[in-house]
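Welcome! Have a look at the structure first, then read on.

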Amino acid sequence: MTTSRPFGTVLTAMVTPMHADGTLDIDGAVTLAKHLVEHGSDGLVISGTTGEAPTTHAPEKAELTAALVEAVGGRATLIAGAGSNDTAHAVMMAEQAAEAGVDGVLALVPYYSKPSQKGIVAHLSAIAGATDLPVMLYDIPGRTGVALSDESFDSLAQIETIVANKDATGDVAAAKDRIARTGLAWYSGDDPLTLEFLREGAAGVVSVSAHVAGERIAAMIAAYDAGDTATADRLHEELLPVHDAIFSGPGAANAKAAMQLLGVIPGRHMRLPLLPLDDDEYSSLASALRAAGVPIP
């Protein structure tokens with residue numbers, strides 16, 4: 001991967017397949033990871049929010065990560081989530097991921113506690129200092145309740161291992177200045193805004209829609225890179241119904257159901273408090289994805 005794209009271009013925030021009894025479906029996860037890598041993704045984010053990280057536990061995360069490193073390591077960049085509002089727990093997650101052989105860590109702004117900016121910087125710095133792995137920050141105030149400030153970005157960008165940011169603030173206008181000032185590689189954290197972020201200098205996307213449209217998203221970014229703005233604009237417009245379908249409810253539940261619709265995984269089981277799509281929701285998702293050009297059988 002390049003310095004400007006340290007983690008690749010299209011990174012899928014991967015769902016975690018589960019059996020009906022709630023246990024992790026490791027074989028299903030391996031099949032899914034291979035499918036995603038073969039359909040447009042050059043990176044995977046493991047055990048992020050879409051992967052139900054809040055309700056999976058350390059031994060499960062370790063088993064999942066090790067299996068995926070063995071299955072697709074070297075074919076795609078693997079980033080493991082280190083999301084917790086307990087700094088010691090987040091540090092442990094980063095250390096565990098490093099032991100499993102991932103390529104990087106996704107360090108989430110701590111949620112719920114709403115610490116000060118100094119507290120957020122200390123939390124993220126601790127995660128970055130736990131391993132030698134490159135780190136992608138994750139700024140998503142809609143979930144965490146607090147956003148990173150410009151001053152916090154400036155401070156964190158001085159840490160050598162912090163090389164990127166996943167921006168799910170929705171504030172595209174702020175990204176251009178932050179990219180220029182910090183030198184961090186910027187990744188869109190909102191699928192519908194990916195092209196807008198690219199126009200401001202972003203490197204790529206951490207995507208949920210890439211479960212079903214990875215090749216089209218990759219083609220859009222490639223067209224933009226080549227200066228073919230007309231094709232990039234057309235692909236962006238064609239992708240909007242895909243994004244609408246995936247984000248018509250909880251993205252994790254819809255993405256997992258979409259993988260079942262495509263026959264990649266056998267079920268759409270979730271862990272509470274997330275529920276799997278019921279039959280009517282499943283049918284509606286299938287119709288929406290078909291209408292958006294996804295080849296649902």
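## How the spaces are found

On a 1 Å grid over the protein atoms alone, a pocket is an open set of points with protein on both sides within 12 Å along at least five of seven lines, a cavity is a set where a 1.4 Å probe fits but cannot get out, and lining residues have an atom within 4 Å of a point. Grid points are joined across faces, edges and corners, and a volume is the space filled by probe spheres set on the points.

This is a predicted model, in which local features need pLDDT of at least 70 and side-chain atom pairs count only at pLDDT 80 or more, while totals for chains, interfaces and linings use all residues. Residues are numbered from 1 along each chain as its sequence is written, and side-chain values use heavy atoms, with hydrogens and water left out.

The largest pocket holds about 440 Å³. Its lining is made up of 24 residues, with Thr 50, Tyr 138, Arg 143, Val 208 and Phe 247 nearest the centre. Helix H5 (141-144) and helix H11 (251-261) each give at least two residues to this lining; helices (H or I, at least four residues) and strands (E, at least two) are DSSP runs, numbered from the N terminus. By class, the lining has 13 nonpolar, 7 polar and 4 charged residues. Here Ala, Val, Leu, Ile, Met, Phe, Trp, Tyr, Cys and Pro count as nonpolar, Asp, Glu, Lys and Arg as charged, and the others, Gly among them, as polar.

The second largest pocket has a volume of about 260 Å³. Among its 17 lining residues, Thr 49, Pro 54, Gly 83, Leu 108 and Tyr 111 are closest to the centre. Strand E3 (77-82), strand E4 (104-108) and H5 each contribute two or more residues to the lining of this pocket.

## Two cavities

How many cavities of 30 Å³ or more are there? The count is 2. The largest cavity, of about 50 Å³, is lined by Ser 47, Lys 61, Thr 65, Ala 80, Gly 81, Met 93, Gln 96 and Ala 97. Helix H2 (58-72), E3 and helix H3 (87-100) each give two or more residues to its lining, and H3 has the largest share, with 3 residues.

The second largest cavity has a volume of about 30 Å³. Its lining consists of Asp 191, Thr 194, Val 205, Ile 217, Met 220, Leu 239 and His 243.

## The nonpolar core

A nonpolar core is a set of buried Ala, Val, Leu, Ile, Met, Phe, Trp, Tyr and Cys residues joined through side-chain atoms within 4.5 Å. Buried means under 20% relative accessible area, exposed over 50%, and partly exposed in between (1.4 Å probe, protein chains only). In the largest core, which has 105 residues, Leu 124, Met 136, Leu 137, Tyr 187, Val 212 and Leu 289 touch the most other members.

## Charged pairs

The model has 11 salt bridges, each a side-chain nitrogen of Lys or Arg within 4 Å of a carboxyl oxygen of Asp or Glu. One of them joins Arg 5 and Asp 225 (2.8 Å, N to O). Arg 5 sits in the segment before strand E1 (10-13) and Asp 225 in helix H9, 220 residues apart. Arg 5 is buried at 18% relative accessible area, whereas Asp 225 is partly exposed at 45%.

Asp 233 and Arg 199 also form a salt bridge (2.8 Å, N to O). Finally, Asp 150, Asp 154, Asp 177, Arg 178 and Arg 181 are linked in a network of salt bridges.
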